[in-house]
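Please keep the sequence and the structure in view while reading.

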Amino acid sequence: SRRAQLLAKILAQYHFKVDTKGDLVVAKVLHLPREDQEHRLRVLGRLIGFTRQLDIQLRSDEDIPEFVEAFFEQNTPA
């Protein structure tokens, strides 16, 4: 469920409407121009790669903000 919390926090920063139940994350974003949709899809791809097997590293709830920050640091446009 920590990974779900991490995903929810990151997705919310990209203006997704996020609902979580346990380890299930449902995120929606509606009525965006094509360019914004494509940007969100790229973000989702990076997020999948970033969170793969992250359960091992998320040892406590206090680790979540650190990994949220790390995601944004890695994915800041140059």
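Helix 1 and helix 3 pack with their axes 10 Å apart, at an angle of about 45°. That angle makes helix 1 oblique to helix 3, because angles under 35 degrees count as roughly parallel, over 145 as roughly antiparallel, 65 to 115 as roughly perpendicular and the rest as oblique. The model is a predicted one, in which local features need pLDDT of at least 70 and side-chain atom pairs count only at pLDDT 80 or more, while totals for chains, interfaces and linings use all residues. Residues are numbered from 1 along each chain as its sequence is written, and side-chain values use heavy atoms, with hydrogens and water left out.

**Terms for the helices and strands**

- Helices (H or I, at least four residues) and strands (E, at least two) are DSSP runs, numbered from the N terminus.
- Axes are lines fitted to C-alpha atoms, for helices over the stretch in contact, and angles run from 0 to 180 degrees between N-to-C directions.

**Helix 1 with helix 3**

- Helix 1 passes helix 3 in a right-handed crossing; a crossing is right-handed if the near helix is turned clockwise from the far one by less than a right angle, and left-handed if anticlockwise.
- On the helix 1 side, Arg2, Gln5, Leu6, Lys9, Ile10 and Gln13 meet Ile64, Phe67, Val68, Phe71 and Phe72 of helix 3, where contact means heavy atoms within 4.5 Å.
- By class, this contact of helix 1 with helix 3 has seven nonpolar, two polar and two charged residues.
- For these classes, Ala, Val, Leu, Ile, Met, Phe, Trp, Tyr, Cys and Pro count as nonpolar, Asp, Glu, Lys and Arg as charged, and the others, Gly among them, as polar.

**Helix 1 with helix 2**

- The axes of helix 1 (residues 2-13) and helix 2 cross at roughly 155° and come within 12 Å.
- Helix 1 and helix 2 are therefore roughly antiparallel to each other, and their crossing is right-handed.
- Helix 1 contributes Arg3, Leu6, Leu7, Ile10 and Leu11 to the contact, and helix 2 contributes Leu44, Leu47, Phe50 and Thr51.
- Seven nonpolar, one polar and one charged residues make up the contact of helix 1 with helix 2.

**Helix 2 with helix 3**

- Helix 2 (residues 34-51) and helix 3 (residues 64-74) have axes that come within 11 Å and cross at roughly 130°.
- Helix 2 and helix 3 are therefore oblique to each other, and helix 2 passes helix 3 in a right-handed crossing.
- Val43, Arg46, Leu47 and Phe50 of helix 2 meet Phe67, Ala70, Phe71 and Gln74 of helix 3.
- The contact of helix 2 with helix 3 has six nonpolar, one polar and one charged residues by class.

**Strand pairing**

- Strand 1 (residues 17-21) and strand 2 (residues 24-28) pair in the antiparallel sense over five bridges; two strands pair if DSSP finds at least two bridges between them.
- Lys17 stands opposite Lys28 in strand 2, and the bridge partner of Thr20 in strand 2 is Val25.
- The hairpin of strand 1 and strand 2 has two residues between the strands, and Gly22 there takes a positive phi near 65°.

- Arg2 lies in helix 1 and counts as partly exposed at 29% relative accessibility.
- Buried means under 20% relative accessible area, exposed over 50%, and partly exposed in between (1.4 Å probe, protein chains only).
- Leaving aside neighbours within four places in sequence, Arg2 is in contact with Leu58, Arg59, Ser60, Asp61 and Ile64.
- The C-alpha atoms of Arg2 and Leu54 are separated by 9.2 Å, and the two residues are 52 residues apart along the chain.
- Thr51 is found in helix 2 and is buried, with a relative accessible area of 6%.
- Not counting residues up to four places away in sequence, Thr51 touches Arg3, Leu6 and Leu7.

**Positive phi in the loops**

- Most residues other than glycine have a negative phi.
- His15 has a positive phi of about 65° although it is not a glycine.
- The loop between helix 1 and strand 1 holds His15, which counts as exposed at 60% relative accessibility.
- His31, also not a glycine, has a positive phi of about 55°.
- His31 is placed in the loop between strand 2 and helix 2 and counts as exposed at 80% relative accessibility.
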